[in-house]
Amino acid sequence: MVKELLEQAGYDVLEALVLPDGIEPLAAELCRLADQRQINLILTTGGTGLSPRDLTPEATKKVSDREVPGIGEALRAYSMRFTDRAMLSRQTAGIRKRTLIVNLPGSPLSHGLGILRGTQTD
């Protein structure tokens, strides 16, 4: 859905990938896209919740030269207009060289506490 929205807005989407869980696969792709492809903007979706396998922010922080905390704060503030559970999202953003990496949520936040407590599954 993000791909379609970006294309409708006139952006060129150069790659759309689905990756396995874990920090290393995502970190490797973020580095490849930033270093080799020199992509201007990388958007990730999912992996920002409270589940033990939600590690997207950790991968982003691992490969970033600098963090951009205001983007995650702004995304959560905007989402709070629709659900008070937006505060459970761990969205972040960072810069690697000349590439901005932004983590977007991938699922509704309504079940975040249940996942953390183990009473709900992903």
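**Helices and a core, question by question**

Visitor: Does α2 pass α3 in a left-handed or right-handed crossing?
Guide: In this predicted model, local features need pLDDT of at least 70 and side-chain atom pairs 80 or more, while totals for chains, interfaces and linings use all residues. Residues are numbered from 1 along each chain as its sequence is written, and side-chain values use heavy atoms, without hydrogens or water. A crossing is left-handed if the near helix is turned anticlockwise from the far one by less than a right angle, and right-handed if clockwise. For α2 passing α3, the crossing is right-handed.

Visitor: At what angle do α2 and α3 pack?
Guide: Ile23, Leu26 and Leu30 are among the α2 residues that meet α3, where their partners include Ala59 and Val63. The axes (lines fitted to C-alpha atoms over the stretch in contact, with angles from 0 to 180 degrees between N-to-C directions) lie 9 Å apart. The angle makes α2 oblique to α3, a label for angles not under 35 degrees (roughly parallel), over 145 (roughly antiparallel) or 65 to 115 (roughly perpendicular). That angle is about 45°.

Visitor: Which element gives the largest share of the largest nonpolar core?
Guide: This core has nine residues, including Leu26, Leu33, Ala59 and Ile101. Two or more come from each of α2 (23–36) and α3 (56–63). The largest share, four residues, comes from α2.

Visitor: What is the relative accessible area of Thr92?
Guide: Thr92 sits in the loop between α4 (69–79) and β3 (93–96). Beyond its neighbours within four places in sequence, Thr92 is in contact (heavy atoms within 4.5 Å) with residues including Pro57, Thr60 and Ile101. Thr92 is buried (under 20%; exposed is over 50%, partly exposed in between, with a 1.4 Å probe and protein chains only), at 7%.

Definitions and conventions: Core = buried A, V, L, I, M, F, W, Y, C linked by side-chain atoms within 4.5 Å.
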